[in-house]
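Hi,

Here is the structure I promised to pass on. Have a look at it first, and then read my notes below.

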Amino acid sequence: SGASEVEAGALVLAHGGLCCIDEFDKMGADYQSLLVAMEQGEVSIAKGGTVGVLPARTSVLAAANPVCGSYNRAKTVMENLNMSEPLLSRFDLVFILLDASDMTKDKHLSEHVVALHSGDGTRVEAARQAQLEFRPLQLLTAGGEGGGKGNH
């Protein structure tokens with residue numbers, strides 16, 4: 001019929017609410033579009049002869065992994081996430097969650113998770129006997145350990 005259809009994206013659908021984005025580090029070239037939408041609170045479209053502006057005033061909660069799979073304290077947040085400063089600056093809060101590698105605790109934790117999901121009571125009790133200890137997360141600011149630059 002020659003008719004074209006425009007489908008709203010995540011930011012437009014979340015207008016007035018919250019848009020959660022996982023795997024933020026894998027967005028590729030879409031960063032620029034997101035930056036424009038976050039700055040202007042709207043998304044411009046030009047598709048199939050249709051031109052328009054859609055509202056996209058939304059809060060964005062994004063989760064990303066470091067470039068090399070683990071956070072390098074010698075690098076900045078921007079370098080670790082391979083993200084531009086203009087985009088990173090659009091976020092009011094940036095939290096860095098670090099996982100200290102410990103093979104013994106990781107093994108006990110994985111056994112505990114498997115036991116809980118398997119429904120095997122003996123495995124659950126064995127996992128509890130391992131006495132897993134959870135420490136509070138170590139918090140880094142965008143500027144590095146303890147303190148930092150900017151309002152991140």
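Pro86 counts as partly exposed because its relative accessibility is 43%; on this scale buried means under 20% relative accessible area, exposed over 50%, and partly exposed in between (1.4 Å probe, protein chains only). You'll find Pro86 in helix α4, residues 85-88. Helices (H or I, at least four residues) and strands (E, at least two) are DSSP runs, numbered from the N terminus. Pro86 and Glu39 are 47 residues apart in sequence, yet 9.8 Å separates them in space, C-alpha to C-alpha.

Before you go further, please keep in mind that this is a predicted model: local features need pLDDT of at least 70, side-chain atom pairs count only at pLDDT 80 or more, and totals for chains, interfaces and linings use all residues. Residues are numbered from 1 along each chain as its sequence is written, and side-chain values use heavy atoms, with hydrogens and water left out.

Now the overall layout. The chain has 6 helices and 6 strands, and from the N terminus on they run α-β-α-β-β-β-α-α-β-α-α-β. Of its 152 residues, 22% count as buried.

Next, strand β1, residues 18-21. Its covered face carries Cys19 and Ile21, while Leu18 and Cys20 are on the uncovered one. β1 runs parallel to strand β4 (residues 59-62), and 4 bridges join them; two strands pair if DSSP finds at least two bridges between them. If you want a spot to look at, Ile21 stands opposite Ala62 in β4.

How many disulfides does a search of the whole structure find? The count is 0, where a disulfide is a pair of cysteine sulfur atoms within 2.5 Å. For Cys20, the closest cysteine sulfur is in Cys19, 6.8 Å away, so the two are too far apart for a bond. Cys20 counts as exposed because its relative accessibility is 54%. Cys68 is exposed as well, at 66% relative accessibility.

On to the charged side chains. The whole structure has 2 salt bridges, a salt bridge being a side-chain nitrogen of Lys or Arg within 4 Å of a carboxyl oxygen of Asp or Glu. Lys26 meets Glu23 at 2.7 Å, N to O, and Lys26 also forms a salt bridge with Asp25, with the closest N and O atoms 2.9 Å apart. Together, Glu23, Asp25 and Lys26 are linked in a network. Lys26 counts as exposed because its relative accessibility is 55%, whereas Asp25, at 22%, counts as partly exposed.

Glu23 lies in the loop between β1 and α2 (30-40) and is partly exposed, with a relative accessible area of 35%. Its phi is positive, about 55°, although Glu23 is not a glycine. Asn82 is not a glycine either, and has a positive phi of about 55°. You'll see Asn82 in the loop between α3 (77-81) and α4, where Asn82 is exposed, with a relative accessible area of 59%.

Last, the pockets. Rolling a probe the size of a water molecule over the atoms shows where empty space is left. On a 1 Å grid over the protein atoms alone, a pocket is an open set of points where a 1.4 Å probe fits, with protein on both sides within 12 Å along at least five of seven lines; lining residues have an atom within 4 Å of a point. Grid points are joined across faces, edges and corners, and a volume is the space filled by probe spheres set on the points. The largest pocket holds about 920 Å³ of space. It is lined by 31 residues, and the closest to its centre are Ala62, Ala63, Ala64, Val94 and Phe95. The elements that give two or more residues to this lining are β4 and β5 (96-97), and the largest share, 4 residues, comes from β4.

By type, the lining of the largest pocket divides into 19 nonpolar, 5 polar and 7 charged residues. Here Ala, Val, Leu, Ile, Met, Phe, Trp, Tyr, Cys and Pro count as nonpolar, Asp, Glu, Lys and Arg as charged, and the others, Gly among them, as polar.

Cheers
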